[in-house]
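Colleague: I would like to learn how to read a few features of this structure. Please give the general idea each time, then the case here.

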Amino acid sequence: MAAASSEEAIKAAKVLMVGAGGIGCELLKTLALSGFSDIHIIDLDTIEVSNLNRQFLFRRSHVGQSKAKVARDAILKFRPNISITPYHANVKDSLFNVDFFKKFNVVLNGLDNLDARRHVNRLCLAAEVPLVESGTTGFLGQVTVHVKGKTECYECQPKPVPKSYPVCTITSTPSKFVHCIVWAKDLLFAKLFGDKNQDNDLNVRSKDDNSSKTDVFERNVDEDIEKYAQRIYDHVFGYNIEAALGNEETWRNRRRPNPIYIRDALPEGVVQQNGCSQDHKNEEPEPSEPSAMVSLGLRNPQEIWSLADNSRVFLEALKLFFEKREKEIGNLIFDKDDQLAVEFVTAAANIRASSFGIPLHSLFEAKGVAGNIVHAVATTNAIIAGLIVIEAIKVLKGDYQNYRMTYCLEHPSRKMLLMPVEPFEPNKSCYVCSETPLVLEVNTKTTKLREVIEKVIKSKLGMNLPLVMVGATLVFEDGEGLEPDEAANYALNLEKILVELPAPVLNGTKLTVEDFQQELKCSINIKHRDEFDEKEPDGMVLAGWSGPVDKQVTSNGEKKPVPSASRTEELDGTAEDISEKPGMKRKLNEILESKENFDALQTSLDVGSSSAQVVDDDEDEDLIMFDEDPKQGKKKRLQ
Amino acid sequence: MDGGGAGAGAEGELTAQETALYDRQIRVWGVDAQKRLSKAHVLVCGMNGTTIEFCKNIVLAGVGSLSLMDDHIVTEDDLNANFLIPPDESIYGGRSRAEVCCESLKDFNPMVRVSVETGDPSLIDGEFLDKFDTVVVSHASLKTKLFINDNCRKRSKRIAFYAIDCKDSCGEIFVDLQEHSYVQKKPGGETEQQELTYPSLQEAISVPWNNLPRKTTKLYFAMRVLENYELSVERSPGETTLSDMPAVLARMKDMCDKMSLNESQIPAPLIERLLSAGKKEHPPVCAILGGILGQEVIKSISCKGDTIKNFFYFDAADGKGVIENIPPNSAN
Ligand SMILES: [Zn+2]
């Protein structure tokens, strides 16, 4: 393995790592030990306590500092003579353009989100630099190799998007705990503490009567904070539910919710708190951040609180926000690392769950759901990092016959815990690495350009700073360096209906969209359509697009991709440092499900490619050894 | 709980500090597993690139205590695959591998007690082993491995035994959990109690080769040949080199004849790779083996999740990580 050629390739290599989190720490260490001596590393994040259980280059004293920089310093302690260049920056920053990427022999991803992965994929394609991509969740992981023209690109296969829910399920008819969490976090929390100008579906049922113009969620001047908190409680858990019950149609086939008023939840009154305030001695140092749990003497985040406890936490957390963090109100965005926010959301979700007969959950569990927190352990990251380096060395040696994508499994499949598979060929209809035009069905008489840009070009096609042309007319451009009059003109166009644009967009019009930074350009053929049903909530359908799809397997085993009906607001974008690579779970599940059937395994791995093959020495063949002589560079069969 | 490590709070609950630190992994294996982990004591004999990966993983995971045994004085060779030894002679000079590694590992997680045990693994007595729940042995002779495995089995408490070795791009893990009962997660989500009975190392390697399935990993045989050769010429592991190739091949022929295995089942180039590896470890392979072993020890301590029974192999040449059950027809 480590023949002279590997060593030479390693020594000469200039490597770009994107991400210094769970996989990144392990990867940087293994690269340094393996002899890599010129490593650049980009990471936007700073270190958090919950990173320390696996991001072993970081210590408690580093909390708050740049991951990339601290990781570099830690590595230099045992490899002082290598060069590590850290960037505490977003990989989507314009600094990291195609020319920047061209300087590297290989790019290694240890990222946590689809958006950044797509961006890096495009830059690697444009710069023609090989990419080794990775992801882990719990005991599962995968490593894939993407080399332009030789293997599929990261976006050749559909990627599932985070689950989203119809608005009415969240606002009126929750049936699962996650619905209550989304309500508590995206609606109630946002309404009370977030930007008041944001649209919020909570408004729908919040009007006491038509005459009152005041916002019921607004705290009145001089209103006692305890009174205010109780008023909000009674309004959202009592009055609103009662009002909703009036709509008989809704409840015909559903369990009717119970309105909950503070007098029911806390019959003895609010003042009688069980572990009242500070007299509960804590061994932990007094946290600097206000916490309703601490005030109320609730200590175990794993415990499921009673309705009464949840009600106390709700009131206390709301009060603490107004008393201790008043300045932030109006600007708060839910953050899973904001203890008070998590307490509030847990309590609100649980009270709502009580109303609707949904089982309650602990703060620990609620935090996981609300924060989309991924399951992460050090061991999987270490294994995946090892596999990345093995693959990177092959890439540097140009040993493309031996490129593999490898799955790290929790349960062995055909005796294997680490399962190598031959990489797929590029998908010829991939809009990223091929030039296939897309088709957008849209009502050109009612849809604004803004909607097309937000919902399709940015959200689905993942462009960062798009430019839109209708024929030869430039109708929109994003980014810096625009003249003020240009910018104003584009802003006007954004609000125009498609047919009313300076160059009208009609049935049959061809749009050209381009992102210069990503060097990605694609064509979209417009097809006018009047009606869209509720499964198409965007009011438009993008076809020929290999983006997120839900796969449905028909009874005869034939697979057909079905575009997923998704709200563009995803549950949360704060997936943490080593979140799974979207798409991984789907593949792994399929492998596990079909492990009895090898043929099924082959096809289940990919819809578009027939060349996929699990690498295996056949029952009747002897071991295939790989010759280490690079000049021969081919498989040699023994005996 | 002794003074070591992660004190679980009153009523055995995890402290807020532990919950915050271990948040992401508790979401993988649950609070009970985390509590069990914080009460487990692990001994590692032989510090090298592979075992330090393992040590890092279980210290981060929050094991109760970790003891390191390796009296060898650190040399420059030890720096190759080891990120725990700073390349500064004024720090490591004249000190044992265990001491220097211990110092670095302590930093990784202040809630875990990491300490050094001096002594020779080949002389470990039974009573000493009672301090531990898990023993990991690396780069030891077959004789030492058999001796420690045997001693673990003689104690009244169950002591899990693991042997792990990396030879450049190849690696092997052996697992003996004796009697192991654990909770298995079914694909549907429901759980089921499972019982496994493991053979000892002696029992496993005594299985005649002609009784093994044809598809048994070639590495299994190659490692046995090497081990056997080293034993016969009284060499320490890794001291055999390419110059021993003819003698090793002769030994291989011998063994194949005795156990009626076609010699072609053990490719000579594989033997050659293992011999030229010597004591060299390929860092990515160390990370993979140390990761797999870390996971195994966590699963075994927490009695949660399928454990490897009873050999694991990784070869960077084909990229496969394979489990072998030897003997194949042993209980379960
Ligand atoms: Zn593609």
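Modeller: Start with buried area: it is the accessible area, taken with a 1.4 Å probe, that two parts lose on being put together, summed over both. The size of an interface is often given in this way. Before the numbers, note that this is a predicted model, in which local features need pLDDT of at least 70 and side-chain atom pairs count only at pLDDT 80 or more, while totals for chains, interfaces and linings use all residues. Residues are numbered from 1 along each chain as its sequence is written, chains are lettered from A in the order in which they are written, and side-chain values use heavy atoms, with hydrogens and water left out.

Colleague: What is the area buried between chain A and chain B?

Modeller: About 5,900 Å², and carbon and sulfur atoms give 61% of that. On the chain A side, Asn53(A), Phe364(A) and Lys415(A) lose the most area to chain B, together 11% of what that side buries. Counted by contact (heavy atoms within 4.5 Å), 68 residues of chain A meet 68 residues of chain B.

Colleague: How many salt bridges does the rule find across the interface of chain A and chain B?

Modeller: A salt bridge is a side-chain nitrogen of Lys or Arg within 4 Å of a carboxyl oxygen of Asp or Glu. The rule finds four between chain A and chain B. Lys415(A) forms a salt bridge with Glu324(B), at 2.8 Å from N to O.

Colleague: Which element gives the largest share of the side of chain A that touches chain B?

Modeller: Helices are DSSP runs of H or I with at least four residues, strands are runs of E with at least two, and both are numbered from the N terminus. The largest share comes from α15(A), with 10 residues. By class, this side of chain A has 32 nonpolar, 15 polar and 21 charged residues. Here Ala, Val, Leu, Ile, Met, Phe, Trp, Tyr, Cys and Pro count as nonpolar, Asp, Glu, Lys and Arg as charged, and the others, Gly among them, as polar.

Colleague: Which residues of helix α16 of chain A are buried?

Modeller: Buried means under 20% relative accessible area, exposed over 50%, and partly exposed in between (1.4 Å probe, protein chains only). In α16 (residues 449-458), the buried ones are Leu449(A), Val452(A), Ile453(A), Val456(A) and Ile457(A). Viewed down the axis of α16(A), they fall within an arc of 115°, so they line one face of the helix. The arc is that of the directions from the helix axis to the C-beta atoms. An α-helix has 3.6 residues a turn, so residues three or four places apart point the same way. The partners of that buried set include β9 (438-442), β10 (466-470) and α17 (484-494) of chain A.

Colleague: Where are the cis peptide bonds and positive phi values in chain B?

Modeller: Most residues other than glycine have a negative phi, and most peptide bonds are trans. The bond from Lys309(B) to Asn310(B) is cis, with omega near -10°, and Asn310(B) sits in the loop between α12 (283-302) and β9 (311-315) of chain B. Cys303(B), in that loop, has phi near 55°. The bond from Ile326(B) to Pro327(B) is also cis, with omega near 0°. Asp168(B) has a positive phi of about 50° and, at 12% relative accessibility, counts as buried.
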